[in-house]
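Keep the sequence and the 3D view open while reading.

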Amino acid sequence: MKFLLILSCIITFNSLAFSQPYELLTNVSHRKTISLNGEWRIIIDPYENGYYDYRYKPRGDGYFQNKKPKDKSDLVEYDFDKSETLEVPGDWNTQKDKLFFYEGTIWYEKSFNYVKKNNKRIFLYFGAVNYSAIVYLNGIKLGEHIGGFTPFDFEVTNIIKSGKNFIVVKADNKRLREGVPTLNTDWWNYGGLTRGVFLIAEPKTFIQDYFIQLKKGSTDEINGWIKLNGNNKKQRLTLQIPDAGVVKEFYSNNSGIAKLNFNAKLKLWSPKNPYLYQVKIICETDTIEDNIGFRSIETKGNKILLNGKPIFLRGISIHEEAPFRSGRAYSKEDAVTLLTWAKQLGCNYVRLAHYPHNEFMVREADKLGLMVWSEIPVYWTIQWNNKGTLANAENQLTEMITRDKNRASIIIWSMANETPRSNERNAFLESLIDKAKNLDPTRLITAATELDQQGKTMIIDDSLSNYLDVIGVNEYLGWYAAKPVDVPKFKWISKFNKPVIISELGAGALYSYHGDKDTRWTEEYQANVYKNQIKMLKKISFLSGMSPWILMDFRSPRRPLPYIQDFWNRKGLISNRGEKKEAFYVLQNFYNKLQSK
Ligand code: GCB
């Protein structure tokens with residue numbers, strides 16, 4: 001035991017050197033990758049036996065060693081090679097019945113062959129692991145990551161070998177009071193390696209990241225930076241945007257950063273013309289391409305301006321729930337299905353709730369011309385006084401913005417959803433807002449704030465709004481409060497001269513359950529709520545947009561009502577099997593009329 005303890009100390013100490021993910025590589029789909037997707041071996045480990053010893057200390061000989069008995073008398077109490085499998089990407093809950101409600105640790109193992117090239121640096125990239133991950137390659141700990149919806153990577157150049165290698169990941173989706181999100185959410189806690197896993201090969205000095213966007217408020221001045229990673233930091237770089245006739249040269253400094261600032265005559269990206277330019281960055285040691293749209297987004301009084309002109313956001317909220325098969329959505333096909341439904345509804349905008357969705361969603365939104373609200377899971381009752389919680393939220397925010405800051409579709413970063421008023425909350429969120437503005441000075445900042453109700457008057461007065469560019473409010477008149485028939489009688493007051501988006505409204509209905517409009521859960525009831533909401537919304541002069549709740553039914557442990565919910569939140573305008581409910585057409589009709597105005 002003593003020996004084991006010493007060994008475990010050495011390993012824990014050694015691993016500290018690698019304990020953080022590497023700086024994030026962006027635009028992975030345009031890099032040289034080898035997919036590690038497919039079948040992974042798994043061990044279900046509710047007691048974390050593969051991690052802790054019987055004194056609850058991290059074991060030096062944990063499952064990450066992927067051990068085999070040395071001889072016939074050797075004791076090894078696990079065997080990945082004989083264990084069951086799960087598909088990656090994919091949540092575990094919907095792949096095996098026994099894992100449907102599972103919350104805890106599952107170990108994933110993947111063996112693969114690799115041919116090493118001397119002049120390359122190699123990175124191991126995870127699209128997302130919910131919620132926390134500890135990652136090992138060939139028995140060596142690479143690091144840990146917390147947060148279930150954002151990517152991370154590790155440099156493995158010196159650990160990966162030619163020949164056989166194995167990766168082990170301890171994925172744990174235990175909910176935590178101090179977590180982001182915290183214990184309580186209204187969506188399924190899908191666990192596991194929910195997005196793709198890739199090896200990325202790069203030259204010794206490579207283009208790690210870049211920010212190529214129009215300067216705030218401008219429609220012809222590109223402002224940004226390119227960042228090189230490696231020893232050869234000072235280089236000559238060329239930026240080409242062939243369709244705009246742009247060929248510009250820059251020099252990176254000692255830190256590998258080249259600042260960009262130049263004018264260009266551009267076709268602007270908009271929902272009507274979602275034009276994406278091919279952008280090429282070339283340095284002495286590397287090149288990378290991307291498809292980038294250019295547009296400006298600002299506010300003026302209570303209006304949102306896209307490319308300098310007021311625009312009303314005809315939106316819908318979307319969870320990352322897979323259409324037809326259910327489970328966490330992860331593929332391009334999932335993204336195209338969900339966003340095509342939004343287009344059919346007449347949307348020019350989607351709210352991707354309540355966490356950063358996979359990259360296909362924002363890339364497809366770019367192509368389809370849908371503006372996007374993207375948010376982090378700072379939801380309900382976060383521990384506002386906990387510094388670790390704030391650092392965790394800041395990290396998720398940083399990873400979201402780092403991955404998606406070049407997507408024209410994204411116009412708004414959201415910091416939080418329905419968080420209770422307090423000074424501590426404001427301080428926490430102000431800190432996130434500062435961070436977001438620092439990382440990306442071009443986009444608007446929002447949050448779904450709290451409302452006050454006095455009789456039939458709704459008052460927008462949450463002091464958090466002082467720090468926001470656009471105010472989001474969720475209201476469920478006709479469902480959680482007030483009768484549908486009374487909804488049009490409600491008046492709205494805002495204490496702020498800022499644009500307001502109704503970021504949620506809605507009602508539940510089981511597809512094909514029919515009755516009169518006063519019977520809960522019928523399609524008629526839901527449609528009636530939408531009709532009355534529309535009557536009310538038309539009268540709110542300062543309204544700049546809306547994203548009713550929600551495009552498609554989604555799984556939630558808070559929704560047990562037998563025969564109706566069966567653990568689905570039924571507020572979808574479309575059922576989980578892809579069937580459109582009556583309310584879909586009510587909203588579609590309203591959006592079509594708005595468009596033709
Ligand atoms: C809300 C939450 C959302 C819930 C929704 C509901 O206000 O923001 O996450 O799913 O209400 O259905 O109650």
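## Terms and basis

Buried means under 20% relative accessible area, exposed over 50%, and partly exposed in between (1.4 Å probe, protein chains only). Helices (H or I, at least four residues) and strands (E, at least two) are DSSP runs, numbered from the N terminus.

This is a predicted model: local features need pLDDT of at least 70, side-chain atom pairs count only at pLDDT 80 or more, and totals for chains, interfaces and linings use all residues. Residues are numbered from 1 along each chain as its sequence is written, and side-chain values use heavy atoms, with hydrogens and water left out.

N27 is not a glycine, yet its phi is positive, about 55°. The residue sits in the loop between α1 (2-16) and β1 (32-35). N27 is buried, with a relative accessible area of 3%.

D566 is not a glycine either, and has a positive phi of about 45°. Its loop runs between β32 (554-555) and β33 (568-569). D566 is partly exposed, at 39% relative accessibility.

## Cis peptide bonds

N130 and Y131 are joined by a cis peptide bond, with omega about 5°. Y131 belongs to the loop between β5 (120-126) and β6 (132-137).

A cis peptide bond also joins A353 and H354; here omega is about -15°. H354 lies in the loop between β22 (349-352) and α3 (359-368).

## Helix α3

N358 caps the N-terminal end of α3. A side-chain oxygen of N358 lies 3.1 Å from the backbone nitrogen of F360. Just after the helix, G369 takes a positive phi of about 80°.

How many of the 10 residues of α3 are buried? Seven are, so the helix counts as mostly covered by the definition of buried. They are E359, M361, V362, R363, E364, A365 and D366.

## Nonpolar cores

A nonpolar core is a set of buried Ala, Val, Leu, Ile, Met, Phe, Trp, Tyr and Cys residues joined through side-chain atoms within 4.5 Å. In soluble globular proteins, nonpolar side chains tend to be buried together. The largest core here has 70 residues. I316, V378, M415, L432 and W492 touch the most other members. Helix α7 (residues 582-596) gives the most to this core, with six residues. Apart from it lies another core, of 31 residues, including W40, V88, L137 and I167.

Which residues does L432 touch, not counting residues up to four places away in sequence? With contact meaning heavy atoms within 4.5 Å, L432 touches I376, V378, L390, A393, E394, L397 and M415.

Key. Polar contact = N/O pair within 3.5 Å; in protein donor to acceptor, adjacent residues only side chain to side chain.
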